[in-house]
Amino acid sequence: MRKNSGINIAEEIKDRCNIVDVIGQVVPLKKAGSNYKGVCPFHNEKTPSFVVSETKQIFTCFGCGATGDVISFVEKYYNLDFRGAVEKLAAEYGIEVSFSSGNGADKDEYYEINRQAARFFYRALREKANPGYDYVARRGLTPETLNKFGIGYADEDWHSLTDHLTGMGFAVDKLVELGLTSSSKGRYYDKFRGRVIFPIMNTGGKVIGFGGRIIGEGEPKYLNSPESPVFRKKNNLYGLNLAREAVNREDSLILVEGYMDVVSLAQAGVRNVAASLGTALTDSQARLIKRYTGNVFLSYDADSAGQNAADRGLDILYNEGLRARVLKVDDGKDPDEYIKAHGSKAFRGLMDRALPHGDFKLARLMEGRNLEDDGDRMNFVRDAVAELKKMKPVEADIYLGRLSEMTGISETAIRREYESENHTETGRRPNPPEGEGNDGEGPEPVERDLIRLMFCDGKYISLPEDVREQAFRTAAGKAIYGAIRESASEGVPDPAGVCELLEGETADRLREILHGVMPGDRDGRLYRECLDFIRTRSLKEENELITLKLSMADDDIDSEELRALMSRQMEIQKLIKQGGAK
């Protein structure tokens with residue numbers, strides 16, 4: 001195996017990998033002129049609009065707009081970051097890669113420790129009689145399901161896992177960092193004891209953490225791995241690694257609260273299901289879902305806590321542009337209990353009756369109110385209108401009429417209430433930047449200038465909407481900007497506070513930036529120059545993309561679409577001449 005550094009590995013991989021071969025492993029491709037065509041794996045379509053160019057070594061979809069090289073395809077298809085995609089391709093093509101994380105630790109070792117821990121738990125459940133196996137048998141889990149999810153058992157011994165892993169040569173401090181081992185007064189002991197273990201895997205199939213369900217009485221009922229160099233709860237979903245194909249096939253994801261909900265639904269044949277790892281749904285998880293589908297069913301517990309979680313989850317999903325509905329499980333049962341009692345057909349019937357976003361919001365506001373009472377009715381309308389102001393205008397318009405029908409109040413009066421105060425046009429809030437840690441590259445010059453400006457004056461933190469998503473493109477830049485936004489509620493951000501939110505190497509990069517020359521009295525001009533640069537850069541990249549698409553188009557591509565592409569290209573070229581003006 002040849003060894004290579006992360007700096008040149010991307011180019012070597014692109015030289016060694018034929019994009020047609022790589023994509024052809026997962027997407028059936030047919031020769032079409034000088035290119036290859038197939039059905040796009042990133043959105044549902046019947047007529048193939050996904051084109052792969054062997055000569056240019058790129059792919060593009062004329063349906064959803066996805067495009068890129070072989071590395072970006074592997075990133076998108078397998079939901080991997082750049083490093084993960086590089087590692088996957090390098091392993092397949094015999095290229096050895098050496099990567100290190102920002103804090104100097106090799107993430108490969110953390111993954112290997114978790115893998116060995118998962119194997120230890122897996123064997124412990126199966127090798128001899130134990131309370132864990134009795135528990136999963138009582139819950140009705142089959143051996144096939146146990147194997148599919150890699151479910152295991154942590155025995156009652158205080159040192160068995162720690163002794164096993166340290167005996168393999170792993171340092172105990174790394175076991176502590178991963179949350180497999182705890183320490184007290186210089187003594188080390190297993191964190192998971194007397195629990196059924198659910199390994200948590202990322203969509204690349206690597207074990208990143210564990211959830212442990214206690215057997216019998218005790219607290220906490222579920223014990224989860226802490227945040228670690230390889231595990232960020234807010235960025236992952238339990239079971240998605242196994243559900244991806246079903247999600248693509250069904251074009252929907254069922255989001256539940258617990259590990260057993262996922263396992264039971266999947267065993268019953270409802271496989272497009274994942275769970276949010278015991279935390280409230282996050283923006284990052286919503287963006288992860290969006291890579292696979294635009295449709296989500298929230299199937300949380302029927303108690304007040306579950307419904308409150310569904311209410312919050314709806315807002316997160318809606319703000320990411322996802323179509324979300326709430327599935328109400330009858331009899332106050334959770335999905336695990338319901339599907340065992342009634343079967344998958346009945347569960348799918350609940351999905352057919354799931355409440356759309358707006359209907360669920362109105363139903364929640366109706367709880368405990370008597371619309372025959374004038375006071376309750378007015379309060380309901382006031383609260384409902386406040387909720388509608390968060391929606392897109394077209395959707396809000398539908399519910400304004402429905403509110404009139406529900407309350408007997410004229411639609412004109414309700415519309416006057418709705419229009420009485422300013423409200424956001426779309427109800428959307430901008431996506432916070434993705435990416436934590438560092439990819440080995442420092443922020444670009446324009447990113448450095450923007451960061452310095454933000455520490456000069458807090459007014460520069462909130463970038464214009466058309467620039468916000470394009471301003472920070474390196475992992476370090478995204479992480480720093482995210483930390484600035486998180487720490488600065490108002491005014492100038494505190495450098496020490498921002499550094500505390502960043503990993504070691506990224507924090508060092510921020511300190512380097514702040515030690516440089518600050519803008520001073522030319523901050524306004526520099527800010528405008530930064531925005532102009534970003535806008536022009538985005539336009540040039542879009543222009544290049546359209547040129548590639550046009551070069552790959554063939555006779556099967558719709559002529560209207562081609563005219564639209566050419567029209568947009570002319571518009572872009574005009575804007576570039578104007579300096580990226582909007």
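Entry 1: The model is a predicted one, in which local features need pLDDT of at least 70 and side-chain atom pairs count only at pLDDT 80 or more, while totals for chains, interfaces and linings use all residues. I number residues from 1 along each chain as its sequence is written, and side-chain values use heavy atoms, with hydrogens and water left out.

H17 covers residues 393-407 and H18 residues 411-418, and their axes come within 9 Å and cross at roughly 135 degrees; axes here are lines fitted to C-alpha atoms, for helices over the stretch in contact, with angles running from 0 to 180 degrees between N-to-C directions. The two helices are therefore oblique to each other, since angles under 35 degrees count as roughly parallel, over 145 as roughly antiparallel, 65 to 115 as roughly perpendicular and the rest as oblique. The contact (heavy atoms within 4.5 Å) includes Leu400 and Leu403 of H17 and Ile414 and Tyr418 of H18. By class I noted six nonpolar, three polar and three charged residues, where Ala, Val, Leu, Ile, Met, Phe, Trp, Tyr, Cys and Pro are nonpolar, Asp, Glu, Lys and Arg charged, and the others, Gly among them, polar.

**Entry 2: H1 and H4.** I then turned to H1 (residues 9-16) and H4 (residues 82-92), which pack at an angle of about 45 degrees with their axes 10 Å apart, in a left-handed crossing. Ile9, Ala10 and Ile13 of H1 meet Phe82, Val86, Leu89 and Ala90 of H4, and the residues of this contact divide into seven nonpolar, no polar and no charged.

In H8 (residues 160-167) I listed Ser160, Leu161, Thr162 and Leu165 as buried, meaning under 20% relative accessible area, with exposed over 50% and partly exposed in between (1.4 Å probe, protein chains only). Their cover includes H5, H9, E9 and E10; helices (H or I, at least four residues) and strands (E, at least two) are DSSP runs numbered from the N terminus.

Methods. Left-handed = near helix turned anticlockwise from the far one by under 90°.
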